[in-house]
Amino acid sequence: MALDLLPVENEFTKADEQILEFISSHPDEFLFMNIGQLARHLGLSDATVSRFARHVGCRDFKELKTKVMEEQNHRATPAAKVARTLLKDEDFGLGSWLEYQQQCLQRTREHLDEDIFNKAADSILQAKRIFIHAKSASAALGQLLLFRLRRLGLNVTLLPSGGSEIWEGLALAGPEDLMIMFSFSKVSREGQKILAYGRDAGYKTLAFTSRLYVPANQRADVNLYVYRGEENEFHSMAAPAAVVDALTVALTQRMGTDSAQRLARLHELKKQYE
């Protein structure tokens, strides 16, 4: 990787060239190091590394990492996303991470549309059959939603994440059914198939999305907004998981005594056969 780090004045020293070579060759590793770790790794002093940062026009080591991160933006690797998140708080800990989760939840709340949320809950409850499509990091959310809805006695199926097998599930879906998908920053190739086929098959679609504006050709019938962090950051699943649980509680309330009876029946079956 070629970095646009040039000396503000004079030429690079041998130590400068050593640091630059390491950053260029190992940008992801560099972004996870503090100044002391980098100095020890290269056999240099902290002061030498600090001078290098100023030599390339940065106020300090943190600004140097930010500059390298900005040049990494086009790569958007998993490591780069985590590093960008860590740059916000170099003294990372559970407390600061939980505060970040609160920010994600608050951002979701700020853009909350209760009418859309209620429409999502009604769509689930009114569906004859429910199909869930979730892939990659969203697979865990799909499993959570599957578990929650099955406990309420709803007819729900988890579609394969990809491949030709997805059509076996789509072929079963009809006008009375609902397709739930997780398409946060973009609609996957499989998601595009789900939306396109839905226009012919007649089933409804519900999507979890991190975009406030979704183009018409990528829009589901119901779009639930959740905030997971900025594009080039590590993406949190706190808000999506919270909305999944909120839907479960809303459905339980709407089902009334029916949901209580189904949960009680499940409890009795467990006691009887376990």
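Arg 254 and Asp 122 pair up through their side chains in a salt bridge, with N and O 2.9 Å apart; the term covers a side-chain nitrogen of Lys or Arg within 4 Å of a carboxyl oxygen of Asp or Glu. The two partners sit 132 residues apart, with Arg 254 in helix 12 (residues 238-255) and Asp 122 in helix 8 (residues 114-126). Helices here are DSSP runs of H or I with at least four residues, strands are runs of E with at least two, and both are numbered from the N terminus. Arg 254 is partly exposed at 31% relative accessible area, and Asp 122 is partly exposed at 29% (buried is under 20%, exposed over 50%, partly exposed in between, with a 1.4 Å probe and protein chains only).

This is a predicted model, so local features need pLDDT of at least 70 and side-chain atom pairs pLDDT 80 or more, while totals for chains, interfaces and linings use all residues. Residues are numbered from 1 along each chain as its sequence is written, and side-chain values use heavy atoms, leaving out hydrogens and water.

The salt-bridge count comes to 5. Another of them joins Arg 129 to Asp 177, with the closest N and O atoms 2.8 Å apart. Both residues of this pair are in loops, Arg 129 between helix 8 and strand 1 and Asp 177 between helix 10 and strand 3, 48 residues apart. Arg 129 is partly exposed at 25%, whereas Asp 177 is buried at 3%.

Glu 190 and Lys 135 also form a salt bridge, at 3.0 Å between the closest N and O atoms. Glu 190 belongs to helix 11 (residues 189-201) and Lys 135 to the loop between strand 1 and helix 9, so the pair ties together parts 55 residues apart in sequence. Glu 190 is buried at 7%, and Lys 135 is partly exposed at 29%.
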